[in-house]
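Subject: Structure handover

Hello,

Here is the structure for your files. My notes on it follow below.

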Amino acid sequence: MPARASEAPAAEAPASEPVAPPRTPRAPLDPRLLRHARAVRGHLGAEALVALVQAVATVGFAWWAGHAIAGVVQGADPAAIAPDLRAAGAAALVRAACAWLSGSMAPAAAARVQSQLRAAALARIGAHGSPVGAADAATALGPGLAALDGWFGQFLPQLVRTAVVTPIVVAALWLQDAFSGIAVLVCLPLIPVFMVLIGMATEKVQRDQWTATRRLARSWLDTLEGLATLRLYGRDRRAERRVAALSDEHRTRTMAVLRVSFVSSMVLELAGSLAIALVAVSVGVRLVQGDMAVALAFSVLILVPDAFLPIRSVGAAFHASTEGLEASRAVLDLIDAPDAPARLAAAAGSGLVVDGLEVRRGERWLPAVSLRAAPGELVALAGPSGAGKTSLFAALLGLAPSRGAAGLDGAPLAGTDLAWAPQGAWDAVVTGTVRENLALGAAQADDAALEAALERAGIAVPLAARLEPATGGSLGLSGGQAQRVVLARALHRAATGARVLLADEPTSALDAASEARVLAGLRAAADDGAIVLVASHRAAVLAAADRVVRVGER
């Protein structure tokens with residue numbers, strides 16, 4: 001047995017990064033898209049060129065149309081008005097052609113980007129495995145990437161147009177009428193302020209909706225994969241209720257996104273209309289007073305809405321982009337996930353190696369945990385409730401999104417390497433005999449080995465006795481006894497091939513004498529060569545461990 005060491009904190013972990021900042025909306029363009037999808041760079045260049053031509057056509061149309069309208073109002077000769085009308089018509093055609101070209105480029109560019117991101121993600125999964133669950137990967141690569149159509153078709157063209165068209169239009173207004181240019185410059189920042197406030201709300205509800213989508217996909221996939229087992233043990237109705245509850249949550253989140261989207265469009269339209277009205281009133285007053293030429297007044301009035309239109313369109317299209325951006329970030333995180341096998345190979349030594357493993361809980365990443373445990377060690381994970389002990393076990397089992405590396409003897413962890421004793425005892429017990437519960441997942445089971453596992457878990461029940469989780473069991477088992485049945489299952493797996501035993505609060509419902517028997521059983525499993533990790537905050541467990549690793553500390 002390894003020499004017992006004093007408490008050792010987990011390796012210093014970097015401060016946890018939130019998946020999405022709670023107060024500041026993310027950048028509208030993830031720089032990683034430019035690196036992993038070459039089509040984005042070409043599309044941005046093409047959109048910028050189209051926007052430049054459109055900006056020139058917009059300024060020209062306002063100038064020629066203003067002079068043509070002024071000529072009509074002032075009763076000018078139609079022959080003198082005709083050149084301005086022809087020039088304005090040509091400018092309008094160019095502007096319309098640019099809008100059509102921008103809209104037609106988006107679907108093809110979106111398809112190319114989706115193909116490049118999907119190929120990069122599948123290549124990463126094929127070479128190193130998926131750092132997330134199958135349901136998360138399928139959701140991100142399927143409907144998630146499909147949501148990029150809205151980002152390319154609506155948001156990105158408006159974003160480029162704002163960066164190119166708005167400065168040109170404002171400069172043209174300034175050159176024609178300095179007062180109107182100043183008024184536009186003063187009012188223009190109001191729309192981005194509203195956009196930031198709205199964007200914070202929009203991104204949060206969209207992120208919640210995307211999380212609900214992935215949760216529903218995971219539950220649905222897990223239910224389909226285990227449907228036969230669920231029906232065998234009478235748990236299919238429970239799974240049906242869970243899928244129904246997650247479907248209701250997804251519907252609620254989706255409706256929240258739509259509500260915020262409609263309100264955001266109304267607010268941005270109101271802000272833009274008030275700013276345009278301010279300029280129009282000033283132009284009208286000066287026109288009546290004779291301080292402004294009629295042709296110039298009409299030209300300015302035609303051009304002013306185009307100064308606000310691109311940025312208003314960006315705000316209105318923002319909600320269409322958030323789902324695609326959230327999904328693309330999930331794919332980019334998958335592509336950029338550290339190469340776990342390479343990190344594990346670099347970590348010298350045998351046994352269990354956890355290297356900078358961070359687990360995502362809701363919208364944030366928990367502090368990273370690093371530890372090593374050799375065969376024969378009993379290691380306790382300590383920390384207050386909510387520190388992340390159970391989440392760490394879920395990540396090792398492949399049941400929670402994580403980043404970092406975890407492996408055994410330099411290779412990624414496999415399901416056959418792990419024996420698992422969860423804290424929720426009755427949720428882990430299935431309808432059937434004690435023998436069926438202990439042998440769950442084992443191809444063959446020897447009665448003597450099962451009875452030995454029960455003895456190590458400190459409970460004596462007949463193998464033929466039947467358990468009914470819905471009613472608390474025909475044996476009248478207490479929560480602590482049911483917990484020991486679940487622990488006996490994990491001890492049996494550890495004795496028949498699993499090299500790592502994970503036990504989450506195995507003594508939480510036990511008295512001191514029962515706790516001592518359970519700890520003796522865990523020590524016996526470690527003495528037989530297993531690596532035993534126990535999550536607990538009880539003093540007796542920490543005292544019995546070879547090492548204590550603090551979880552949740554920064």
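Start with Arg95. Arg95 is partly exposed, at a relative accessible area of 21%. Buried here means under 20% relative accessible area, exposed means over 50%, and partly exposed lies in between (1.4 Å probe, protein chains only).

This is a predicted model: local features need pLDDT of at least 70, side-chain atom pairs count only at pLDDT 80 or more, and totals for chains, interfaces and linings use all residues. Residues are numbered from 1 along each chain as its sequence is written, and side-chain values use heavy atoms, with hydrogens and water left out.

Salt bridges

The whole structure was searched, and eight salt bridges turned up. The criterion is a side-chain nitrogen of Lys or Arg within 4 Å of a carboxyl oxygen of Asp or Glu. Three of them are described here.

Arg95 pairs with Asp306, at 2.4 Å from N to O. Helices (H or I, at least four residues) and strands (E, at least two) are DSSP runs, numbered from the N terminus. Asp306 is buried, because its relative accessible area is 9%.

Asp528 and Arg456 form another bridge, at 2.5 Å from N to O. Asp528 sits in the loop between helix H17 (512-527) and strand E12 (531-535), and Arg456 in helix H15 (residues 447-456), 72 residues apart. Asp528 has 57% relative accessibility, so it counts as exposed. Arg456 is partly exposed at 26%.

Glu515 and Arg538 also meet in a salt bridge, at 2.5 Å from N to O. Glu515 belongs to helix H17 and Arg538 to the loop between E12 and helix H18 (539-544), so the pair ties together parts 23 residues apart in sequence. Glu515 is buried at 6% relative accessibility. Arg538 is partly exposed at 23%.

Aromatic pair

How many aromatic pairs does a search of the whole structure find? The search finds one. Ring centres of Phe393 and Trp420 are 5.7 Å apart and the planes stand at 80 degrees, so the pair is edge-to-face. For the cut-offs, rings of Phe, Tyr and Trp (its six-membered ring) pair if their centres lie within 6.5 Å; planes under 30 degrees apart are stacked, over 60 edge-to-face, and the rest tilted. Phe393 is in helix H12 (residues 389-396) and Trp420 in strand E8 (residues 418-421), 27 residues apart. Phe393 is buried at 0% relative accessibility. Trp420 is partly exposed at 26%.

Leu49, Leu52, Val53, Val56 and Val94 make a nonpolar surface patch of about 420 Å². Helix H2 (residues 38-73) gives the most to this patch, with four residues. Val56 is in helix H2. Val56 is exposed, at 53% relative accessibility.

Gln114 is in helix H3 (residues 78-128). Gln114 is buried, at 11% relative accessibility. Setting aside neighbours within four places in sequence, Gln114 is in contact (heavy atoms within 4.5 Å) with Leu145, Ala146, Leu148 and Asp149.

Record

The unreviewed UniProt entry annotates residues 182-201, 256-280 and 292-311 as "transmembrane region". In the model, residues 292-311 are 90% helix and 0% strand, and the end C-alpha atoms of this span lie 28 Å apart.

Best regards

How values were computed
UniProt positions are given in the numbering used here, feature names are shortened, and annotations may be inferred rather than shown by experiment. Patches are made of residues with over 30% relative accessible area and no salt bridge: like charges are joined within 9 Å, nonpolar side chains (Val, Leu, Ile, Met, Phe, Trp, Tyr) within 5 Å. Accessible areas come from the Shrake-Rupley method with a 1.4 Å probe; for residues, only the protein chains shown count as cover.
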